[in-house]
Amino acid sequence: MGIQITPSILNADLSRLADEVARIPSADWVHVDVMDNHFVPNLTLGLPVIEALGKHASQPLDAHLMIEDPDRWAPAYAEVCGSVTFHAEAAKAPVRLAREIRAQGARASMALKPATPIEPYEALLPELDMVLIMTVEPGFGGQKFLDLCLPKIRTARELMRKHGVETWLQVDGGVSLETIERCAEAGADVFVAGSAVYSADDPDAMVEALRERAEAASA
Ligand code: DX5
Ligand code: ZN
């Protein structure tokens, strides 16, 4: 697939979601952060808002579920989103959950917080369409990129090569023109960017600038 950019709407104007998404026609996906005030100390939006946004967005939705009990809730998101990411730290039965997401026709993805290693999940890779390596502690946009996560991106890419799987490798948190090259060099190919895109005067030009920089660094 090459490099993909999936802007997070967390730092967009949440009162005008459809308009905000229309400002980023070059984006490959729209990243939607679902937070429940339990798994993370923040509350955002849920299925009804995502269903409504899905009718207006020209790109597929990339749902990032920062919630407790994704085993119970994620399959419903898979009915309306192109990709559904649950957290490894919250899932009780990640293999069953990934299969349920795929059965709904969505891509199944698993996220790891900064302190969660990838190695214990190596055997799960064939069950997953994407792995999300968090490069901030989940919960808020606009945080500083954690360089300490870069070795895990490298390890994840090596494990994917070892298993011969086509799993996408997403990074989320503090991705900007300044940090995206390090992520791409380490092997990431799907980039979430929230504040970098929505604090730019021209969000779509920023999507293209991020893509160019990642492509140059991964070539
Ligand atoms: C944080 C969210 C991110 C966030 C990224 O928990 O998962 O998707 O919106 O925002 P930035 O790019 O500003 O770090
Ligand atoms: Zn996210």
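Predicted model: local features only at pLDDT ≥ 70, side-chain atom pairs only at ≥ 80, totals over all residues.
Q: In which loop is N37 found?
A: N37 is found in the loop between strand 2 (30-35) and helix 2 (47-54). Residues are numbered from 1 along each chain as its sequence is written, chains are lettered from A and ligands numbered from 1 in the order in which they are written, and side-chain values use heavy atoms, with hydrogens and water left out.

Q: Why does N37 count as partly exposed?
A: Buried means under 20% relative accessible area and exposed over 50%, with partly exposed in between (1.4 Å probe, protein chains only). The value for N37 is 43%, so N37 is partly exposed.

Q: What is the phi of N37, positive or negative?
A: Phi of N37 is near 70 degrees, a positive value in a residue other than glycine. Most residues other than glycine have a negative phi. D69, in the loop between strand 3 and helix 3 (70-78), also has a positive phi, near 55 degrees. At 24% relative accessibility, D69 is partly exposed.

Q: Which residues make up the donors of the zinc ion (ligand 2)?
A: They are H31 (NE2), D33 (OD), H64 (ND1) and D172 (OD), at 2.0 to 2.3 Å. A donor is an N, O or S atom within 2.8 Å of the metal (3.2 Å for Na, K and Ca); water is not among the atoms, so sites may look incomplete.

Q: What makes the site of the zinc ion (ligand 2) octahedral?
A: Six donors count as octahedral if opposite donors are over 155 degrees apart and all others between 65 and 115. The 6 donor atoms at the zinc ion (ligand 2) give angles of 72 to 172 degrees, and the site is octahedral. Ideal angles for six octahedral donors are 90 or 180 degrees.

Q: What spacing do the donors of the zinc ion (ligand 2) follow along the chain?
A: The spacing is H-x1-D-x30-H-x107-D. H64 in strand 3 (residues 61-66) and D172 in strand 7 (residues 168-172) link distant parts of the chain, 108 residues apart. Both H64 and D172 are buried.

Q: How many disulfides does a search of the whole structure find?
A: The search finds 0. The sulfur of C183 is the nearest cysteine sulfur to that of C149, 9.1 Å away, whereas a disulfide requires two cysteine sulfur atoms within 2.5 Å. C149 is buried at 1% relative accessible area, and C183 is buried at 0%.

Q: What joins the side chains of E122 and H163?
A: A polar contact of 2.8 Å joins them. The term covers a pair of N or O atoms within 3.5 Å; within protein, one must be able to donate a hydrogen and the other to accept it, and residues adjacent in sequence count only if both atoms are side-chain atoms. E122 lies in the loop between strand 5 (107-112) and strand 6 (130-134).

Q: With which side chain does the side chain of E89 make a polar contact?
A: The partner is the side chain of H87, at 2.9 Å. A polar atom of the E89 side chain also lies 2.7 Å from the backbone nitrogen of K113. E89 is partly exposed, at 31%.

Definitions and conventions: Tetrahedral: all angles 85-135°; square planar, octahedral: opposite > 155°, others 65-115°. Helix = DSSP H or I, 4+ residues; strand = E, 2+ residues; numbered from the N terminus.
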